[in-house]
Amino acid sequence: MKAGLFIATAALYAIACILYLFQLTRGSEKAPGMSGTVFVAALGAHLAFLLLETPAPGELPLADIAQILSVSSFGIGIAFLLASYRMNVTILGAFVAPLSLMLFLASGLGSSYAPVPPPVQSVMLTLHIAANVMGLVAFALAFVAGIAYLLQERLLRRRQLTGAFQRLPSLGVLDTIGLRSVLVGFPLLTFGMVTGTFWLLRSGGSQFYVSQALGLVAWAIFAGVIVLRVAAGWQGRKAAVGTMLGFLFTLLVLAGYALRAAGGSA
Amino acid sequence: MRDFLVVGLSHRTAPVEVRERLAVAPTDLERELREIAADSGFEEALLISTCNRVELYATSPNPLDATREAKEKLARRLGDAAGDEVLYQERGIDVVRHVFRVASSLDSLVVGEPQILGQVKEAFDAANQAGTIGTLLGRCFTQAFATAKRVRNETGIAEGTVSVSSIACELAKKIFGNLEGRRTLLLGAGEMGESAARSLRQTGTNLHVINRSEERAQALAKACDGRAVPYERLITELADADVVIASTASPNFILTPTLMKGVVRTRRHRPLFIIDIAVPRDVDPRVGNMDNVFVYDVDDLQQVAEENLAVRAREAALAERIVEDEVESFLSWRRSLELAPTIVALRRRFGQVAEEELRRALPRLEGLSESDRSVLEAMSRSMVNKLLHQPMTELKAGAGEPDGALLIDAVRRLFALAEEEAAAPEGASAQPTGEAKITQLAAATGTTGESK
């Protein structure tokens with residue numbers, strides 16, 4: 001049942017990817033096509049899968065890194081739907097769907113990861129993880145807007161104005177999405193880092209792991225992007241590149257955790 | 001036999017001085033149609049009048065004479081003897097194809113422009129109000145709207161803008177998102193620059209006009225609904241603007257990298273879109289390499305226009321196929337309204353029922369002799385004939401009347417006579433090809449074919 005649902009979800013995400021990419025490169029502007037419907041179906045299957053994973057009613061399936069990846073992937077999809085509803089940017093699905101699919105598949109790899117041992121579980125840990133997952137979702141949206149911005153700017157500078165250029169949102173809208181997402185994600189990440197450190201100290205651990213270092217780098221990058229945007233009026237390409245770099249570091253943090261979890265269980 | 005005809009002129013055949021002499025205001029369409037219908041041999045009539053075409057559509061039992069009449073009507077209004085050169089005419093199925101192409105914007109000056117469909121719809125509504133629409137024109141135009149919708153949805157014929165001004169606007173929208181409240185700076189007094197500034201002003205941007213001659217700036221600002229600013233303020237204006245349209249007569253670059261470096265610094269990375277419409281250029285191309293500054297010159301815009309036109313031309317070929325498809329479907333509806341095939345189909349339907357019932361009844365009757373059998377068979381045949389006699393007479397008499405098609409349509413629906421049944425004449429083994437079908441109709445109506 002669980003394996004079947006996993007495959008179905010992955011397949012739906014994959015189909016949505018193909019449809020969105022098709023829509024971006026050669027679709028008609030007016031016919032939105034099936035991509036949105038398939039993506040929502042993928043999210044539905046994903047939700048059912050998450051419900052199966054839930055340890056007990058009311059508890060969040062955030063016990064191990066695999067579940068965290070899965071929930072993040074789901075959250076990105078939901079955040080994208082909200083954003084596309086509000087800002088009319090459905091075409092960004094062409095970048096969101098591959099990202100969701102990637103994270104979801106990665107969560108499948110991690111079924112053998114050791115869960116956090118019960119003694120170190122606490123409310124603080126749950127808060128820490130939840131805040132970081134929400135931050136990750138916001139940064140993922142900013143990352144997607146960044147990719148679209150760079151692509152769109154490249155097309156504009158190269159005067160390739162038919163096709164994808166017509167379907168992608170304007171540079172202004174993409175920049176706004178990037179800014180807002182980072183502004184939402186940054187406090188969450190900050191909160192996540194503070195609670196994480198606090199929890200780490202209280203649970204008696206004092207080792208400083210690679211993941212924490214990477215997390216600090218990501219935090220510093222986002223802080224820099226925000227400061228430069230607000231203080232120096234950064235906009236456009238540089239801000240997009242900075243945001244994307246920050247998101248890549250947050251992904252590295254997750255990868256670090258995953259590797260350590262895999263190492264710990266071996 | 002009743003058939004379609006159209007007489008008219010368009011941007012293809014007549015210059016605007018001639019077209020405007022025939023043009024009818026939308027509010028006058030209805031009255032005009034009533035007058036035309038009152039003193040002519042037309043059964044149905046419809047008048048399309050846009051700035052690019054004036055066309056009179058009609059149906060008549062005698063299309064040849066009616067065409068002549070329609071042409072005389074229009075030529076009289078044109079006044080002088082230019083009528084023969086600028087007026088074109090079509091008859092039969094060519095009229096249907098023409099309507100479909102016009103509604104789909106395939107016959108427009110700018111192929112794919114969206115206004116024409118609305119104008120055709122207005123013309124149709126006016127004719128409906130005037131009561132000059134019957135079965136044939138009604139079906140023809142309804143299907144024309146469906147065709148236009150298909151063309152719009154299934155091809156990219158309306159995608160991409162094709163004028164320099166509107167391309168500039170589209171690009172500005174793609175850079176800034178919302179243009180409301182943005183500022184455009186018009187630098188210089190070139191004609192194309194003025195037109196681009198006007199288009200941008202219409203999208204809701206504020207317009208500042210700057211010129212070496214203060215007087216000229218004032219005049220331009222007034223004409224484009226903007227504000228004139230003194231030339232000394234060029235640097236501050238550049239720093240405040242979002243879109244700059246450069247169109248001066250200066251032989252040298254005005255916006256040089258050195259000048260723009262300072263401007264960009266004061267702008268604090270806000271994106272700037274510069275449209276250089278001047279020839280020779282006003283903007284050093286190196287300015288386009290600066291961060292968040294996008295420069296398009298007149299060649300770039302022209303190239304975009306050409307690319308978009310090429311896309312439209314390619315899509316137009318697809319659209320023509322859709323039109324042919326729809327013409328084919330109209331033909332098969334039209335053919336189903338022909339009297340002879342309807343009578344054949346009706347007879348066959350009744351005959352089939354009688355025969356079937358006989359086949360079921362005969363085995364149940366025991367001890368029938370051969371002659372008893374033939375009596376029963378003759379009885380069923382004569383029942384069919386008697387039952388069909390009145391409808392057949394009515395059909396034959398009604399077919400010549402204006403509403404004959406309606407009657408035939410009703411009979412076909414009441415007795416569920418499919419269109420394919422009519423399409424395949426008795427004894428014909430193979431489905432005729434499209435070509436053959438058209439000639440078949442031409443033969444049946446006797447009016448299609450040669451035109452112009």
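Author: Let us begin with one residue. Arg268(B) sits in the loop between helix H12 (257-267) and E9 of chain B; helices (H or I, at least four residues) and strands (E, at least two) are DSSP runs, numbered from the N terminus. The model is predicted: local features need pLDDT of at least 70, side-chain atom pairs count only at pLDDT 80 or more, and totals for chains, interfaces and linings use all residues. Residues are numbered from 1 along each chain as its sequence is written, while chains are lettered from A and ligands numbered from 1 in the order in which they are written.

Reader: What is the phi of Arg268(B)?

Author: Arg268(B) has a positive phi of about 50°, although it is not a glycine. Most residues other than glycine have a negative phi.

Reader: Which residues does the cis peptide bond join?

Author: The cis peptide bond joins Val279(B) and Pro280(B), with omega about 0°. Pro280(B) belongs to the loop between strand E9 (272-276) and E10 of chain B.

Reader: Let us turn to the sheet. In what order do its six strands come?

Author: The order is E7-E6-E5-E8-E9-E10 (chain B), in an open sheet with parallel pairing. Two strands pair if DSSP finds at least two bridges between them. Strand E7 (227-229) and strand E10 (293-297) of chain B stand at the edges with a single partner strand each, so one side of each is left without a neighbour in the sheet.

Reader: How many bridges do E6 and E7 of chain B have?

Author: Strand E6 (residues 206-210) of chain B and E7(B) pair in the parallel sense over three bridges. Val209(B) stands opposite Ala228(B) in E7(B).

Reader: How many helices and strands does chain A have?

Author: Chain A has nine helices and zero strands, whereas chain B has 18 helices and 10 strands. Buried residues make up 45% of the 266 residues in chain A and 39% of the 452 residues in chain B.

Reader: At what angle do H2(A) and H3(A) pack?

Author: Helix H2 (residues 35-53) of chain A and H3(A) pack at about 150°, with their axes 10 Å apart. Axes are lines fitted to C-alpha atoms, for helices over the stretch in contact, and angles run from 0 to 180 degrees between N-to-C directions. Two residues are in contact if their C-beta atoms, placed from the backbone, lie within 7 Å.

Reader: What follows H3(A)?

Author: Asn88(A) follows H3(A), and its phi is positive, near 60°.

Reader: Finally, how many residues does each chain give to the contact between them?

Author: Chain A gives 20 residues and chain B gives 22 residues. H7(A) gives the most to the side of chain A that touches chain B, with three residues.

Methods
A residue is buried if 20 or more other C-beta atoms lie within 10 Å of its own, exposed if 12 or fewer, and partly exposed in between; C-beta atoms are placed from the backbone.
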